[in-house]
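Hi there,

Here is the structure I promised to pass on to you. Have a look at it first, and then read on for what I found.

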Amino acid sequence: MRILVTGGAGFLGSHLIDRLMTAGHEVICLDNFYTGNKRNIQQWLDNHNFELIRHDITEPIRLEVDQIYHLACPASPVHYQYNPVKTVKTNVMGTLNMLGLAKRVKARFFLASTSEVYGDPDVHPQSEEYRGNVNPIGLRACYDEGKRIAETLAFDYYRQNKVDIRVVRIFNTYGPRMLENDGRVVSNFIVQALQGKPLTVYGDGSQTRSFCYASDLIEGFIRLMNSDYVGPVNIGNPGEYTILQLAEAVRDMINPNAEIIHEPLPSDDPRRRRPDITKAKTLLDWEPTVPLAEGLKLTVEDFRKRMGNAPI
Ligand SMILES: NC(=O)c1ccc[n+]([C@@H]2O[C@H](COP(=O)([O-])OP(=O)(O)OC[C@H]3O[C@@H](n4cnc5c(N)ncnc54)[C@H](O)[C@@H]3O)[C@@H](O)[C@H]2O)c1
């Protein structure tokens, strides 16, 4: 198949491309390199099944493809809050353009949505039926509400234009190729520990998150895309850890002498987040397989290589 991956030079997009290329597909990677990097897809640049297009999805584009994985959108608060209006444009105009393309060429369309559509949830764990608790005027709204309207657009194209859609709601994912400066908790802790700095925990660290390793997530993507179920489907790891536990795990792995310090919680920071993955289990026969300790080890190795750090 010929498959378009928007945001293909980013963290998750590049792992997806690795899987699709290895399976023998033709892949078109479309990216504006806002948070993506050529280094992530370098291994495919000379492959005749691979094409790279520098393009901003807020502008329309015409291509002939069978499937579209639509991932383009900055995912970490530092990047999506840098230019919030652009984040909204990417989610609204970008998703419209990609759905328009899917409609024109009758391609199956996969939307990478997010657990952030649940906002600061009042139910726990979050199942796909939960409608969320999002602050529409908060600092995270450009992303949360952006993804909510992206889902709305996908379902309206599905109902109105019979576009064949799949919608995944991704929970926190980590792994090699995460950006060092993205301000997400896993990369923050790893970078701080590798630099011999104290690990910064916001609040008392009792807020919880679940962490899914990248290869597990991509397996879930492929299963959903090739299933008959439209979605939305939660894909994430239900193992719930406090941020303090994560800090301690990273510290013990890299530098057991590192200090853990506390800073005030940013606004709209969700207290708890854990996926209910019943749907993924029953409909896709999917569940995560990589334990946190193993995934962290692989991620730390990748950061060490990129940051040129000798083991402490
Ligand atoms: N990583 C996670 O934990 C997580 C969680 C929930 C949802 N997601 C979603 O998964 C997708 C990929 O996330 P990621 O972690 O790989 O992030 P990322 O920032 O590494 O990747 C996003 C990619 O999209 C590109 N991009 C951004 N705006 C664009 C535009 N206007 N036109 C073209 N390309 C553009 C960036 O350059 C980058 O390569 C995003 O849609 C994100 O919202 C990720």
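F155 counts as buried because its relative accessibility is 17%, and buried means under 20% relative accessible area, exposed over 50% and partly exposed in between, with a 1.4 Å probe and protein chains only. Y158 has a relative accessible area of 34%, so Y158 is partly exposed. F155 and Y158 sit 3 residues apart in helix α4 (residues 141-161), about one helical turn from each other. (Helices, H or I with at least four residues, and strands, E with at least two, are DSSP runs numbered from the N terminus.)

Before going further, please note that this is a predicted model: local features need pLDDT of at least 70, side-chain atom pairs count only at pLDDT 80 or more, and totals for chains, interfaces and linings use all residues. Residues are numbered from 1 along each chain as its sequence is written, and side-chain values use heavy atoms, leaving out hydrogens and water.

Now for the rings. Rings of Phe, Tyr and Trp (its six-membered ring) pair if their centres lie within 6.5 Å; planes under 30 degrees apart are stacked, over 60 edge-to-face, and the rest tilted. That rule gives 7 aromatic pairs. In one of them, F155 and Y158 have ring centres 6.1 Å apart and planes at 80°, so this pair is edge-to-face.

Y174 and Y213 also form an edge-to-face pair, at 5.5 Å centre to centre with 65° between the planes. Y174 belongs to strand β7 (residues 173-174) and Y213 to strand β10 (residues 212-213), so the pair ties together parts 39 residues apart in sequence. Y174 is buried at 0% relative accessible area, and Y213 is buried too, at 9%.

Y69, F110 and F221 form one aromatic cluster, and two of these names come back in the next part.

What holds the inside together? A nonpolar core is a set of buried Ala, Val, Leu, Ile, Met, Phe, Trp, Tyr and Cys residues joined through side-chain atoms within 4.5 Å. The largest one has 60 residues, of which L16, I17, Y69, F221 and V250 touch the most other members. Helix α6 (residues 214-225) gives the most to this core, with 7 residues. A second, separate core has 26 residues, including I57, V105, A107 and A150.

Finally, the overall picture: the protein has 9 helices and 13 strands, and 55% of its 312 residues count as buried.

Enjoy exploring!
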